[in-house]
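Dear colleague,

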Amino acid sequence: MSFTKVILKKNEDIRIKAGHLWVFSNEIAKVEDAVMNGDIVSVYDSKDEFIGAGFYNKNSLIAVRILSHKQAFDIKEVLRTKIIAAKELREELYPERDSYRLVFSESDFLPGLIIDKYNNTYVLQVYSFGMEQQSELIVEILKEDLHAENIFSKNEEYFRKLEGLPTEDKVWLGERKKEIIAEQGIKYEIDFENSHKTGFYFDQSDNRLFIEKISKGKKVLDAFCNSGGFGLHALKAGAEKVTFIDSSASEIEKAKSNYSLNGFEKEAEYEAGDVFNYLEKCKTGNSKFDVVMIDPPAFAKNKKTLAVARKGYERINKLALEAVENNGWLVTSSCSFHLSEGEFIAAINKAAQKARKSIQLIHFNNASLDHPTLPQMPETSYLKFAVLKVSALNK
Ligand code: SAH
């Protein structure tokens, strides 16, 4: 099958040839034939050399998302090969797990497709027009090759809108029922009807495991706890007491039931409320923790809000540092793609200066191994995770 030809302007091929997977609309010199949104097109440089083939969408700033570097192919076989490669990668990295991010979009060379696996239930997020049109093939592959029992979509409106896609969730196979997953030694009940993202934040999985090193016998605060992941790992490692706080009352309920599900006995405290206010109250009451973990939602949704977001990160990290006992730990994350690693560390450092604390960076990481990044495509990396030892400035 041959595809409609899209010819790039001079020099606009360089980034794509280096392995970036997006062609922006202003980089295109010519589209040779009529083409519909979602169709596969062949991308050529200005000297008529073939670069790659991908999904076209004239309504998106990302006009082409490269899917293959072959000139001709069968779409189902390309999708099948890539989904199986993604599965084999997870099986190699996490042989003991049944639940993880199976496919992470561009990072697994499947533009606009996220698949999270919860036991034998597969939850899809589709964020490109072309991938949306292949949904039925994707479902077939999950049935034929992975023997899926349940398949449904659980999309976020924001990303669908950018591609001009309707907000729509669908059950493709089986049913949308609760799952209990075992993940890095902790059990979680996943209630897909009422949850963030696809149901669980897999991206922090390895980082939650890391905090077990520093939690034994400690008084721990899990702020922005969602279903309780970090705090539950602290309890598993023998924390003396964990305080869970999240603004969502239903997430706090989940943290509670996950605590029971795991049969923990050490003390746990729960608060549905705003972390900023809570930490201000801790400051007034001089109440402190050995380990303070903060994992806020993305403060910088886009470049325009970056300056305000930077202040937000500084403020939350300052408040968190003030709640750390001398010689305790700050565990801090940012999931804003627009805030670089350097800017994140700078915000923490500024916060420490303002809080009059001395900090040592002990560990830094990005997302878990089931969230690969493409070195040639910075857009695929977003999560920052830092673990700092905190002491008084005047020691
Ligand atoms: N740490 C979690 C993921 C956190 S996601 C995990 O390991 O799974 C961010 C969480 O912050 C969400 O659950 C959201 O409900 C909560 N949140 C957002 N703004 C908040 C605020 N101002 N105060 C408290 N919680 C907030």
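**Salt bridges**

The structure, which is a predicted model, holds 36 salt bridges. Side chains of opposite charge can pair when their charged atoms come close.

Glu 27 forms a salt bridge with Arg 15, and here the closest N and O atoms are 3.0 Å apart. Since Glu 27 sits in the loop between strand E2 (22-24) and strand E3 (28-31), while Arg 15 belongs to helix H1 (residues 14-17), the pair ties together parts that are 12 residues apart in sequence. Glu 27 is buried, with a relative accessible area of 7%, and Arg 15 counts as partly exposed at 27% relative accessibility.

A salt bridge also joins Glu 156 and Lys 197, with 3.8 Å between the closest N and O atoms. Glu 156 lies in the loop between strand E10 (150-153) and helix H5 (157-162), and Lys 197 lies in the loop between strand E13 (186-190) and helix H6 (205-210), so this pair ties together parts that are 41 residues apart in sequence. Glu 156 is partly exposed, with a relative accessible area of 25%, and Lys 197 is partly exposed as well, with a relative accessible area of 36%.

Beyond these pairs, a network of salt bridges links Lys 76, Glu 77, Arg 80, Glu 140, Glu 144 and Asp 145.

**The ligand and its surroundings**

If you turn next to the ligand, you will find that 15 residues surround it, the closest being Asn 226, Asp 246, Ser 247, Asp 274 and Asp 295. By class, this shell around the ligand is made up of six nonpolar, five polar and four charged residues.

An N or O atom in the side chain of Asp 295 is 2.7 Å from a nitrogen atom of the ligand, and a polar backbone atom of Val 275 is 3.0 Å from a nitrogen atom of the ligand. On the side of the ligand's oxygen atoms, one is 3.0 Å from an N or O atom in the side chain of Arg 208. Taken alone, the ligand exposes 580 Å², and the protein buries 89% of that area.

Glu 179 has its place in strand E12 (residues 179-183), and at 9% relative accessibility it counts as buried. The side chain of Glu 179 is joined to that of Asn 119 by a polar contact of 2.7 Å, and it makes a polar contact of 3.4 Å with the side chain of Lys 177. Leaving aside residues up to four places away in sequence, Glu 179 touches Tyr 118, Asn 119, Thr 121, Asn 150, Tyr 188, Glu 189, Ile 190 and Phe 192. Glu 179 and Asp 191 are 12 residues apart in sequence, and their C-alpha atoms are 7.0 Å apart in space.

Ser 334 lies in strand E18 (residues 324-334), and with a relative accessibility of 0% Ser 334 counts as buried. A polar atom of the side chain of Ser 334 is 3.2 Å from the backbone nitrogen of Ser 336. Not counting residues up to four places away in sequence, Ser 334 touches Tyr 313, Leu 339, Phe 344, Tyr 382, Leu 383 and Lys 384.

Ser 135 is found in helix H4 (residues 135-146), and it counts as buried at 6% relative accessibility. The side chain of Ser 135 reaches the backbone oxygen of Glu 132 at 2.7 Å, and, apart from neighbours within four places in sequence, Ser 135 is in contact with Val 126 and Trp 172.

Technical notes
Residues are numbered from 1 along each chain as its sequence is written. This is a predicted model: local features need pLDDT of at least 70, side-chain atom pairs count only at pLDDT 80 or more; totals for chains, interfaces and linings use all residues. Side-chain values use heavy atoms; hydrogens and water are left out. A salt bridge is a side-chain nitrogen of Lys or Arg within 4 Å of a carboxyl oxygen of Asp or Glu. Helices (H or I, at least four residues) and strands (E, at least two) are DSSP runs, numbered from the N terminus. Buried means under 20% relative accessible area, exposed over 50%, partly exposed in between (1.4 Å probe, protein chains only). A residue is near a molecule or strand if one of its heavy atoms lies within 4 Å of it. A polar contact is a pair of N or O atoms within 3.5 Å; within protein, one must be able to donate a hydrogen and the other to accept it, and residues adjacent in sequence count only if both atoms are side-chain atoms. Accessible areas come from the Shrake-Rupley method with a 1.4 Å probe; for residues, only the protein chains shown count as cover. Ala, Val, Leu, Ile, Met, Phe, Trp, Tyr, Cys and Pro count as nonpolar, Asp, Glu, Lys and Arg as charged, and the others, Gly among them, as polar. Contact means heavy atoms within 4.5 Å.
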